[in-house]
Every structure is written in C-alpha cells, then in structure tokens.
Amino acid sequence: MKATGYVRLKRGIWQIVFYYFDENGERHQSSESTGLPEKGNKRRAQQILNERLDELANQYTTTLASKNILFLTFMLDWLNDVVSHKVKISTFSQYLYVFNTYIAKYKPFHGVKLQELTPALLQSYYNAQLKAGLSPNTVRKHHANIHKCLDYAVRMGKITLNPSIMTELPAKRKYQGAIAYTPEQLKKLLRLFRGEPLEVAVQLTVTYGLRRSEVCGLRWEAIDFDAGTIHICHTAVMNKGKVVYSDSTKTDSSNRVLPLTNNMRTYLQKVQYQQAENKKLFGDAYIDSGYVCVHPNGAPIRPDYVTPHFQRRLKEIGLPVIRFHDLRHSAVYALRKGGCDAKDIQAWLGHSDITTTLNVYGHVLGGDMDRLGQVMDSLLFRSNQAG
C-alpha cells in the first residue's frame with residue numbers, strides 16, 4: 001500500500017498527517033498528535049510519522065494475505081497448528097485422512113479463497129460425496145470437520161460468517177448394528193486360526209472384546225499372572241504410515257483391569273514359553289519388543305497388518321468375512337448369550353457411558369428387553385392366567 005504524509009505544527013505541538021489507500025482502493029486521510037512541543041522535536045516527529053507509515057503498510061500486507069489465502073491451505077494449517085495439539089494422535093490421523101482423501105481432492109475447492117467459500121459450494125461437496133457412495137453419517141462427519149475449521153476462521157477474523165451453517169445435511173442414519181459371529185462360529189474361528197500369525201490377537205480379542213489398538217499395544221508387563229489380571233493401558237495406532245505406541249488408551253474408562261481367565265492364563269503362558277523358544281532360535285536377530293502379539297522374530301504385529309490379513313484368512317477358511325473390529329461385537333454377543341447385562345458389558349469393553357454400549361450394541365443387547373417383558377408378564381398376568 002502506498003502511504004505518504006508530512007509533519008506540521010498545530011498550537012505549538014507537532015502533528016503527523018498521512019494519506020493511504022485501503023485494500024478496496026479507497027483513499028483516506030488522517031492526522032494524529034505526537035504530543036511533542038515544537039522546540040527540538042521535529043526530527044522525532046518525522047520518526048514517528050515514518051513508523052506510522054510502516055505500520056500501515058504492514059497492516060495492508062497482512063490484510064491482503066488474509067484475503068488471498070486459499071480455503072484448502074487454511075484448513076490444512078488449522079489441522080496442523082490447532083487440531084494436532086488438541087486431540088490424540090489417532091484422532092488427528094483421522095482428520096488428516098478425511099482432508100487428504102476427500103476434501104483436498106474435490107476439484108471445485110481448488111483455487112477457492114477462504115473468503116469466497118459459499119454455502120452452495122460446500123453443499124455441492126456434500127452432495128458429490130453422497131453420490132460417490134459415502135454414507136450420510138460419514139458426510140456429516142466431513143461437515144463437522146469443515147464447520148469447526150470455519151468457526152476458527154470466524155474467531156480469527158478471517159471471515160465474518162461461517163458458510164457451513166447454511167448447508168443442508170443428509171438425515172443421520174440410525175446405527176443398524178455390525179455383523180457378529182455366534183459363539184459356535186467363534187469356536188470354529190479360534191480352531192482354524194491356530195498356528196496363524198494372528199492367532200494370539202484373535203484369541204485375546206474374542207475373549208476380551210479388545211479394540212485393535214489395544215490388542216496390538218498389549219505388553220507382557222500388563223499381564224500379572226500372580227494377581228490374575230490383564231491391564232489394558234497401552235495402545236498402538238497408525239499415523240501417517242507409522243505405528244505410534246502409547247501408554248494411554250482411547251478414553252479414561254478404556255484403561256481397565258480385566259480378570260485373567262483360567263483358559264487365558266494357560267494359553268498366554270504357552271505363548272510366553274513359545275516366544276522364549278523363538279528368541280533362542282533367532283538369537284541376535286530376535287526383536288525383544290515386550291509386546292504380546294508378535295511375529296515369530298519378535299517384531300510387534302502392526303495395526304495395519306491385522307485387518308487385511310484377518311479378512312484374507314477368513315475367505316480362505318470359508319467363514320463370513322467381517323472386520324477385525326467385529327470380533328469386539330462378537331464378544332458382546334457371546335457375553336449377552338451367557339446372561340451378562342449391559343452394565344457389566346460396558347465395563348468389560350471400557351465404554352465411558354452405558355449409552356455408548358446401548359447405542360452401538362443395542363441390536364445385540366435387545367434380549368434384555370425380552371427378559372424385562374417376561375418379568376412384567378410374570379408379576380402382573382401369570383396369576384390371572386392360572387385362575
């Protein structure tokens with residue numbers, strides 16, 4: 001911005017007078033008193049004027065840069081500079097995945113400045129993702145990320161209004177429930193996975209309903225054979241193609257101590273013995289990682305290894321192909337069939353709220369409602385039917 005000015009005397013006090021053009025091309029004139037008396041202060045008054053002119057030029061440059069920033073650039077900066085410091089690595093990885101895989105690849109967004117982003121353009125993105133096959137719930141998650149980013153832009157004074165609030169979102173679909181193996185199918189699964197690289201991970205997940213991050217992060221130090229407990233307190237998650245091992249869990253309630261069942265005690269002792277034998281066999285090439293689920297050479301099994309190899313093996317052995325995470329659902333189904341109630345299952349899974357358990361596994365826990373109905377029938381109607 002071109003800014004010019006001069007100094008003048010007014011009632012014995014030096015003033016600075018300056019002219020400048022704003023970002024819209026409009027000319028402005030302003031004057032300010034320096035507070036300096038006339039005698040011996042002309043040079044100082046000129047210095048104040050020069051500083052003021054530099055300040056105006058810097059303000060213009062900053063404003064212009066703000067107005068020229070691209071939406072995609074701003075969102076990526078927001079992810080790296082703000083979101084990365086507020087959420088867990090696994091959550092941040094999901095934010096980045098959505099941005100890189102979907103938002104950044106939407107061509108109509110390319111070259112669009114933050115200030116030019118409109119509700120219609122955002123709506124076109126949501127509609128396009130729905131047509132491409134993404135579920136309404138997934139598109140709503142994309143919207144949530146964009147909405148938070150644009151809210152931040154409003155707070156930072158980059159835009160005056162969040163355009164995402166004027167878009168129409170698809171109706172949220174009620175969770176229909178994941179596929180769950182029956183206890184009979186789980187028995188077959190365990191039998192057919194014997195000797196497989198994923199055997200230990202499958203055994204633990206089926207028994208305890210662990211998350212993939214929890215089973216891959218499980219360490220031997222978390223298993224207390226004397227106390228008969230297994231402490232779920234470590235995780236392993238993927239972030240930008242690398243495994244991040246952590247001494248924390250998804251939520252505080254996910255950090256839980258579970259009983260070491262008799263069968264699992266015996267099984268894990270055999271696993272520990274086999275790993276000791278493998279260590280002798282591999283010698284210096286053995287990786288003494290301290291993790292429970294490992295390859296024969298001791299290298300920890302990565303989370304991104306689990307799912308594809310699990311599903312490939314299911315196809316080979318002829319069982320219905322499910323996600324590895326669906327073993328957690330299958331564990332819930334087995335617990336429910338065994339008579340456990342929702343509150344007990346909540347603690348076993350490490351959910352912070354019973355509502356989460358009911359929302360996710362309501363289709364499996366529906367039997368609880370049957371039991372309650374039977375109680376009411378027994379209390380209110382059985383005697384009348386007998387008479």
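Tutor: Contact here means heavy atoms within 4.5 Å. This is a predicted model, in which local features need pLDDT of at least 70 and side-chain atom pairs count only at pLDDT 80 or more, while totals for chains, interfaces and linings use all residues. Residues are numbered from 1 along each chain as its sequence is written, and side-chain values use heavy atoms, with hydrogens and water left out.

Student: Which helices are included in what covers the buried residues of α2?

Tutor: Helices are DSSP runs of H or I with at least four residues, numbered from the N terminus. In α2 (residues 71-81), F71, L72, F74, M75, W78 and L79 are buried, that is, under 20% relative accessible area with a 1.4 Å probe and protein chains only. They lie on the same side of α2 because their arc around the axis, taken from the directions to the C-beta atoms, is only 160 degrees. Their cover includes α3 (89-103) and α5 (136-155).

Student: Which residues form the covered face of strand β5?

Tutor: Strands are DSSP runs of E with at least two residues. In a regular strand the side chains alternate between the two faces of the sheet. In β5 (residues 229-232), T229 and H231 make up the uncovered face, and the covered one consists of I230 and I232.

Student: Which residue in β8 is the bridge partner of T229?

Tutor: Two strands pair if DSSP finds at least two bridges between them. Strand β8 (residues 256-259) is joined to β5 in the antiparallel sense by 4 bridges. Within β8, T229 has as its bridge partner P259.

Notes:
Buried means under 20% relative accessible area, exposed over 50%, partly exposed in between (1.4 Å probe, protein chains only).
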